[in-house]
Amino acid sequence: MKEDYYDILGISKSASDAEIKKAYRKMALKYHPDKNPDDKEAEDKFKKAAEAYEVLSNADKKARYDQFGHQAFEGGGGFNGGGMNMDDIFSQFGDIFGGAFGGGGFSGFGGGGRQRMVKGSNLRIRVTLSLEDIANGVEKKIKVKRKVQAEGTTYKTCGTCNGSGQVTRVTNTILGRMQTASPCQTCGGAGQTIDKKPADADAQGLKVAEETVSVKIPAGVVDGMQLKVNSKGNEAPGNGIAGDLLVAISEEEHPTLKREGDNLHYDMYVSLPDAVLGSSKEIDTVTGKVRIKIEAGVQSGKILRLRGKGIPNINGYGKGDLLVHVNVWTPKTLNKKQKEFFESMKDDEHFEPKPESSDKSFFEKVKDMFS
Ligand SMILES: [Zn+2]
């Protein structure tokens, strides 16, 4: 169900043109991408508001919308309501804000000569980390092939837009003459074009170079998480800014430790004599081996909790625990003497199961632990 355009702008159906404009202006300022970098939700709201304004600010479209709702624009209705691109939105701004941004303020389209900041593309790489790396945090040196400005490339002011990065068009509409600005096609909005470049550079004066980038990975990252290294993506031509390097985290499976959020699980196998008589055993942790005590008479299914031996929380909420699951190993083959011993214990009261409340079932224990 598509959201109502009036609801999006937070106005009533009887709002005047001036109120519609004012409401949109407020939304556009609040959710502007320059104010909300990398915020997908804000971007969505920004786009929705622009779409709502596009319709409600136009007398003809508004009348159709008021009568037919969103259906008015479906099936060849002339207006593609399915989302405007950012360039459309920014070009719409000329009308709404007039000179409001004249002195700049937003790098996206304001600022001195109204140049659009040209940004290089992002690069994506994947790093695979061991559980130990994840638990302790690690600095990885990663070889990256990125586009950089080729030495010897020079730029000149774009002749099409005279360096402004925008071209202005005047069109006649039923509402009168409208002036719209859109990014210059020649320079892509940068206001500059290539003057001279070396032979090995591409059309934008860039060439691929291999660079070693050091990436600090904090403790507690999760498989699938993406870290951003600012400005280590592809460079942009001229005075544009470099894109970012996006590092996707992959977690290597550990041979003995299983991760569940910030907690770790370890399956410990204990021989029957060790379980009966008590013992100690070395187990793996993410910070090395640790020897733990096995009480005489330990039951299979018991969970020993080693506090703080898990993974540090990525948001700084302490550390998880290491949960050691006790599995008593029942021998599958016995020699004659052993067999005779167990035969003789068949009716022995010490071998009779007598579970106490402290010997809760595995599931009850897990339930307790996470409740
Ligand atoms: Zn240009």
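Modeller: In this predicted model, two strands pair if DSSP finds at least two bridges between them.

Biologist: How many bridges join β14 to β15, and how do these strands run?

Modeller: Pairing takes at least two bridges. Strand β15 covers residues 322-329, and β14 and β15 run antiparallel. Within this pair, Ile303 stands opposite His325 of β15. The number of bridges joining β14 to β15 is 4.

Biologist: What is the geometry of the zinc ion's site?

Modeller: The zinc ion is coordinated by the SG atoms of Cys158, Cys161, Cys184 and Cys187, at 2.3 to 2.4 Å. Four donors count as tetrahedral if all angles lie between 85 and 135 degrees. Angles among the 4 donor atoms are 102 to 115°, and the site is tetrahedral.

Biologist: How many residues apart in sequence are the parts that Cys161 and Cys187 tie together?

Modeller: Along the chain, the zinc donors follow the spacing C-x2-C-x22-C-x2-C. Both Cys161 and Cys187 are buried. Cys161 lies in the loop between β3 (154-157) and β4 (166-173), and Cys187 in the loop between β5 (176-183) and β6 (192-196), so the pair ties together parts whose separation in sequence is 26 residues.

Definitions and conventions: Residues numbered from 1 in each chain as written. Predicted model: local features only at pLDDT ≥ 70, side-chain atom pairs only at ≥ 80, totals over all residues. Heavy atoms only, no water. Helix = DSSP H or I, 4+ residues; strand = E, 2+ residues; numbered from the N terminus. Donors = N, O, S within 2.8 Å, 3.2 Å for Na, K, Ca; no water. Tetrahedral: all angles 85-135°; square planar, octahedral: opposite > 155°, others 65-115°. Buried < 20%, exposed > 50% of the residue type's maximum accessible area, 1.4 Å probe, protein only.
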